[in-house]
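Student: Please take one part of this structure and go through it closely. Keep it brisk, and give the cut-offs.

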Amino acid sequence: MYREFFQLREKPFELVPNPTYLYLSRGHRKALSYLEYGIQERAGFTLLTGEVGSGKTTLLRMIIRKLGARQRLAMVFNTRVSAAELLALISEDFGITEAERDKVTLLRGLHDFLVAENSAGNQPIVIIDEAQNLEADALEEIRLLSNLELEQRKLLQIVLVGQPELKEIVS
């Protein structure tokens with residue numbers, strides 16, 4: 001009823017993180033520029049923290065919209081998983097399908113994929129939202145993935161996003 005009255009195309013104030021309606025406050029612009037810089041410069045790790053409802057996921061969706069054709073994305077939203085399940089989720093998002101799902105096979109397949117993508121001039125990126133929920137062994141697995149590198153650069157860009165306690169967990 002109010003949509004017709006105010007001649008709105010869409011329902012306002014939906015609870016989904018839609019970057020179309022993101023108000024880029026000074027803090028949001030700063031966070032967005034850090035995310036963009038981290039990805040562009042292949043920093044290896046980028047960390048974004050903020051309180052519940054502060055716009056972290058909306059910023060992520062804005063970043064995803066800006067990714068180029070040479071950037072390959074694996075996105076993890078469900079962080080209540082084991083380290084092996086996390087590797088499987090990342091592998092699946094990258095399109096890596098291994099018949100064997102054991103950790104060694106997953107790691108080998110992921111490493112081969114990352115080397116091939118980098119050789120082709122592509123940039124693999126893993127974004128993990130709600131990263132504060134990751135168990136210690138899953139966080140350690142992510143840290144170990146960050147060790148995959150060539151002489152010139154990291155093979156994988158990792159973006160961890162979560163609530164403020166994530167800063168304490170990773171430091």
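Tutor: Here is a close look at one helix, then the sheet beside it. This is a predicted model, where local features need pLDDT of at least 70, side-chain atom pairs count only at pLDDT 80 or more, and totals for chains, interfaces and linings use all residues. Residues are numbered from 1 along each chain as its sequence is written, and side-chain values use heavy atoms, with hydrogens and water left out.

Helix H6 spans residues 136-145; helices are DSSP runs of H or I with at least four residues, strands are E runs of at least two, and numbering starts from the N terminus. Its buried residues (under 20% relative accessible area, 1.4 Å probe, protein chains only) are Ala138, Leu139, Glu141, Ile142 and Leu145. They lie on the same side of H6, because they cover an arc of only 155° around the axis. That arc is taken from the directions from the helix axis to the C-beta atoms. An α-helix has 3.6 residues a turn, so residues three or four places apart point the same way.

What do the buried residues of H6 pack against? Their partners, with contact meaning heavy atoms within 4.5 Å, include strand S1 (45-49), strand S3 (123-128) and strand S4 (157-162). Helices H4 (83-93), H5 (103-119) and H7 (165-170) are also among them.

Now the sheet. Its 4 strands run in the order S1-S4-S3-S2, open and parallel; pairing requires at least two DSSP bridges between two strands. S1 and S2 (71-76) stand at the edges with a single partner strand each, so one side of each lacks a neighbour in the sheet. S3 and S4 pair in the parallel sense over 4 bridges. Isoleucine 127 has valine 159 in S4 as its bridge partner.

Note on methods. Buried means under 20% relative accessible area, exposed over 50%, partly exposed in between (1.4 Å probe, protein chains only).
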